[in-house]
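Here is my note on the model, in numbered points. Please read it with the structure open.

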Amino acid sequence: MCDSVTTLNKRRDFLRAASARRQGTPGFLLQARPRDPSEPCEGARVGFTCSKKLGNAVARNRAKRRLREIARLILPEAGRAGWDYVLVGRHTATATRDFAQMQADLKRALDRVHTTP
């Protein structure tokens, strides 16, 4: 359980998460990594990525809003402090998948990422 969730801002944090653990779901891809002891370790951090493959700016922004909302609802209870998470949107699926299913997908993906050695 994690009390606070902040947003990733720096490109290097996104790149570090991209080279760490991954878990695909029908609605999005989850990238996660535990932070090094030398990095600040208060709460979890989350970032969102939606490329132009998703469509125009309207479609990308809709997908990001949905990803932000599921992260806001799920990460405080299922995320771990000291971890970085990046949610990557998928073409058509992120914007159209049922919201409750996306929440269940995130819970399942977090469980798998945390149990993988």
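1. Arginine 16 and aspartate 13 form a salt bridge, with their closest N and O atoms 3.6 Å apart. The term means a side-chain nitrogen of Lys or Arg within 4 Å of a carboxyl oxygen of Asp or Glu. Both residues sit in helix H1 (residues 11-18), 3 residues apart, about one turn of the helix. Helices (H or I, at least four residues) and strands (E, at least two) are DSSP runs, numbered from the N terminus.

2. On provenance: this is a predicted model, where local features need pLDDT of at least 70 and side-chain atom pairs count only at pLDDT 80 or more, while totals for chains, interfaces and linings use all residues. Residues are numbered from 1 along each chain as its sequence is written, and side-chain values use heavy atoms, leaving out hydrogens and water.

3. Are the two partners buried or exposed? Arginine 16 counts as partly exposed, because its relative accessibility is 35%. Aspartate 13 counts as buried, at 6%. The cut-offs are under 20% relative accessible area for buried, over 50% for exposed, and partly exposed in between (1.4 Å probe, protein chains only).

4. Aspartate 13 also meets arginine 45 in a salt bridge (3.6 Å, N to O). Aspartate 13 lies in helix H1 and arginine 45 in strand S4 (residues 44-49), so the pair ties together parts 32 residues apart in sequence. Arginine 45 is buried, as is aspartate 13.

5. These residues belong to a network. Salt bridges link Asp13, Arg16, Arg33, Arg35, Arg45 and Asp84. The whole structure has 9 salt bridges.

6. Next, the helix pair. Helix H2 (residues 57-78) packs with helix H4 (residues 99-115) at about 50°, axes 10 Å apart. H2 is therefore oblique to H4. Angles under 35 degrees count as roughly parallel, over 145 as roughly antiparallel, 65 to 115 as roughly perpendicular, and the rest as oblique. Axes are lines fitted to C-alpha atoms, for helices over the stretch in contact, and angles run from 0 to 180 degrees between N-to-C directions.

7. Which residues make the contact? From H2 they include Leu67, Ile70, Ile74 and Glu77; from H4 they include Met102, Leu106, Lys107 and Leu110. Contact means heavy atoms within 4.5 Å. By class, the contact has 11 nonpolar, 2 polar and 4 charged residues.

8. Glutamate 77 and lysine 107 meet in a salt bridge (3.8 Å, N to O). The pair links helix H2 to helix H4, 30 residues apart. Glutamate 77 is partly exposed at 47% relative accessibility, and lysine 107 is partly exposed at 38%.

Terms used: Ala, Val, Leu, Ile, Met, Phe, Trp, Tyr, Cys and Pro count as nonpolar, Asp, Glu, Lys and Arg as charged, and the others, Gly among them, as polar.
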